[in-house]
Structures are given as C-alpha cells and as structure tokens.
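Subject: Model for you to look at

Hi,

Here is the structure I promised. Please open it next to this note; my findings follow below.

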Amino acid sequence: MARVPDAPALPVRDPWPGDPVRGAELLKGVLSLGGGSTVMRLGSFPDIKGTPGLRAAAHGFTWLRDLRALGTDAARMRARGLVADWIASPVADEIAERPDVAGARIAAWLGHYDFFAASADDAFRQKLMARLVADARALAATLPPEELDARALTALKGLIAAAVALPDHAAFLTRALRVLPQELARQVLPDGGHVERSPAQLMAALQDLTEIRALLQAAQAQPPQVLSVAIERMAPALRSLRHGDGGLALFNGTVEELSGLVDLVLAQAGRSGRAPSALTETGFHRLQAGRSVLIVDCGVPPPPKLDRFAHAGTLSFELSIGRDRMIVNCGAAPAAGPEWRDATRATAAHSTLVIADTSSSELKPEGLGRRPAHVEAQRQEAAGAHWLEASHDGYRRPFGAVHRRRLYMAESGEDIRGEDLVEAESPQPFVLRFHLHPDVEGALQQDGEAVLLRLLGGSTWRLRADGARLTLEESIYLGGPEPRRTEQVVLSTSQDGPQTVKWAITKVA
C-alpha cells in the first residue's frame, strides 16, 4: 500500500475547452447539460436530482472545464468549494461510484488541479489526494467494467491518469493496459466507427483515446500499437460524419457540437485520411458532390447493452449545402426527461418514412426492443454522380412491411432525387418527413405540389413530390445549444393510394 502523496507527481492536462456560459450558470448554482438542468450548490451533492445522465455529469466533474473557461477567482473558489463539498458529503447515489463516472472524476480533478487545488491549503490538498487514491484503487478493482460501451474507455482514462499522477501506484497502469486492448477490439469497428453507431459517442471515444495516448507519453510509457491503430481508424470515420459547417450529423443521440471542438479532437488525433464515402460496418453512407453532402443511416441498430443512445432512425438522412444544413433529424435531449428523450428518438423525429405513427424500432428506457434485423444497402458511383439503394425490415413484425429507399445525387450536387416505397401484403398508408433546419425558410407554393426552401447562405431550392399530399408543418430542432422552432415538409399517402412516392430536391437560384 503506497503512501498518499502531497500532490500529483506529474501534471495532467485537460485538453478540451469549457463553456464560460455554463460556467456562469454554475456560479449561480445550476448545472445544464443535454437538454436538462439541476441545482448544484454547496450541500446539494447528497441529493442531486435529474436524469441518470445529468447525475452522472454532476458526479463526474467534467464541468470543471466550464469554470476554468470562466477564469475568475470566483470560479476557482466555486470549483474548490464544490470539490471539497463532494469529498465531505455522504453521497448515496450509486451513479457516483460507477466506473465511468469515477474515471471521469479522477481525470477531471487531476486535469484541473492547477486551477482549483494548487493554491489551496494543505488540508484540502491532502483530502483531495487521499480521495483520488481511494477512488483509483476502487476503480482498478472493478475493471473490466460491466458496461461494454464507450463508458469503459472513460473508466480506463481515469485509471491511467491516476497512474501517471501517482507513479508509486504502478499497478494502476498495469491493470489498465491489460484491459485496454480488449475494449478497443470490442468498441472500434474495422471501418473506424464506434459500436454504438453514434457520431457523438465516436467523438467522445476518440477524445478519451487521444487523452490516454497523451497520458502515456507524458509518463514516458510506450502506447500500445492497438491504441495508435484505433485512433488512426477513428479520425477519418469522424470526418465522414461531419456536415459542411464542421458539426456532426444528428444520429443516435448526437447534437451538432461546435465545429472548433471537432477540429480540436481531429487535431489531437493527428494526421488522418480523407472522409470515407461509406462506413460499411458502422452503417453510414456519405454522398458528396459539388457543395452538397448527404449522410444516410443504413445500418442495423446496435445490439442490446450497446443501444443506450439508439434512435429509431433507420434510413433517415441529413442534407447540407456548403455550411447550410437543409434537411436534418430533430437532434437529441439525452439529459432531459423521458418524454423529450423518447420524442427525439422516435422515427417521426427523423427525415425518413413512418407507417401508422409507429417507430421502426421499439423505444425502451434502456435502449431498443423490436428493431430491424436486416438493413441492406447498395451503392454505385459514376462520373461524379451517386446512387444508393437501401431497405430495412423494421416494420415487418407490426405490419408485414419493408421500407425501401432509393437516393440519387447528380455530379453537380444540385439535383437530389429519392424514391420511397413500402412492400407489404396489404397497402399501408405512410408518411415521409423532411425536417428543416431552423435557418431554412420554407414556403409552400400555390399549387401545393412543391415547397421552396431558402437557405441562410442565399441559395433557393425546390422540394417537389409525386404520389403524395404535400404539407408544411411545425417541428422542433434540438441539435443546437437550445431548442428552436422549425418546420417539416410532410408527404402523406392514403390507404388506397400508391405505395411509392418519388421526390426531388433541386436548386433553382
């Protein structure tokens, strides 16, 4: 049993920027994250309210970077006060001791040690270091963690951070490096995508892995080859899931994220290749021509225990023109209440086809129930033009139906066409939804057969359809920092109508 040191032996740096706006909210006693918020003042830790995600964030202390971004003495004292309060409080919430939460907390305390602890009195620093050692010992004993998703990487990062800062505890590093290769093999797919099929979780995993590599280098320990290979695969995969504005596509619990943060993550990853046109194992296709980018979800939803963020968005797509997003999914509110969370996960919140107001996957609090078993995609390219044909059987059990979607993008990127059809023994009326980004101005033309779409960048496009009634209805966008009202183009068929709808999005000015 090594002694508890007075301070970290080696500095640990948190490389990610904080949000001074959220830092100012923390000074007022409010923690906001992912569409939810909770009161977090001195004395509140034993009874933190909110969703599991929000409570995990509170006990994980990654919000210290928001106080650091604020950079005031008041922010420093609030950070110190909250850490001291947490250490002194009898926290009964089991989430606080979950491996990923403990790992995040260890990394956050060490990564911000110079900010909130270096100038504190001896008593505070001794209590802090004693709790760090105790948490790291408990974390090492839990590895490998039960969670098979990205949370395991956060747990490993915390233990490696402790090993770097506390070199007398060499067993921490030995334990972490024994578990790391099996987690990389389990989580990083051959195409570089993440097993959870979420752009947000791919980026979070890449952040953790680049931090782990930097920690090992700081300790003059050779990073394992499998770590370097994983990072080299993941960076191009992340590039393929970005729009022209630099932010992320909104699939499976993802919001845009600031383009500068995505750039920073890719910079930390190092040199990487161009964005691939398809992540075949992960199940995403990227069609790009001219200034247009079309990203399509063509994959089977992740399996149980890896589907905590999974949405019922199979065959949904997003379309951006340059830096302007045009067609989007509604986004995510992972830390909001169950009603908002379920609403954003439903098929109707995605730009795809819906039968009888039923989601293509069954939504459950912990993930998905019924889901598509077969999702197929075939792609062709010629002279700069793209064709994609995809199908899924998520509606086979409730309706005996299969959804097929065909997409075409011309070499100019200014002519995008689609065809959606339902194959079923009996006709099934369905609805196609195209959610518009809030910056898009939609205007229904007088003939009711098309909608003009004016983008913030100045261009105008027309969406027209054949085989369905076209309307313009309200929608909501949860992909940015706050909810915004927006609209959606809705194409509706009838019981005795055609089972095929053709549509086109073309530039007119």
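Strand S13 (residues 401-409) and S14 pair in an antiparallel way, over nine bridges. Two strands count as paired if DSSP finds at least two bridges between them. Strands (E, at least two residues) and helices (H or I, at least four) are DSSP runs, numbered from the N terminus. Ala401 sits opposite Ala424 in S14. S13 and S14 make a hairpin, with five residues between them. In that turn, Gly413 has a positive phi of about 75°.

This is a predicted model: local features need pLDDT of at least 70, side-chain atom pairs count only at pLDDT 80 or more, and totals for chains, interfaces and linings use all residues. Residues are numbered from 1 along each chain as its sequence is written, and side-chain values use heavy atoms, with hydrogens and water left out.

Back to S14. Strand S14 covers residues 415-424, and seven of its 10 residues are buried. Buried means under 20% relative accessible area, exposed over 50%, and partly exposed in between (1.4 Å probe, protein chains only). S14 also pairs with strand S21 (residues 500-507), antiparallel, through seven bridges. Ile416 has Ile505 as its bridge partner in S21.

Now the whole sheet. It is open, has eight strands and runs S11-S12-S13-S14-S21-S18-S17-S16, with antiparallel pairing. Strand S11 (375-382) and strand S16 (441-444) are the edge strands, each pairing on one side only. The twist from one strand to the next averages 15°; axes are lines fitted to C-alpha atoms, for helices over the stretch in contact, and angles run from 0 to 180 degrees between N-to-C directions. S16 is joined to strand S17 (residues 450-454) by four bridges, antiparallel. Glu441 has Arg454 in S17 as its bridge partner.

There is also a pocket to look at. The second largest pocket holds about 220 Å³ of space. (On a 1 Å grid over the protein atoms alone, a pocket is an open set of points where a 1.4 Å probe fits, with protein on both sides within 12 Å along at least five of seven lines; lining residues have an atom within 4 Å of a point.) Its lining has 20 residues, and Val12, Arg13, Pro15, Glu211 and Leu215 lie nearest the centre. Helix H5 (99-111), helix H8 (151-165) and helix H10 (199-218) are the elements that give two or more residues to this lining. H10 gives the most, with five.

Best wishes

Conventions: Points joined across faces, edges and corners; volume = space filled by probe spheres on them.
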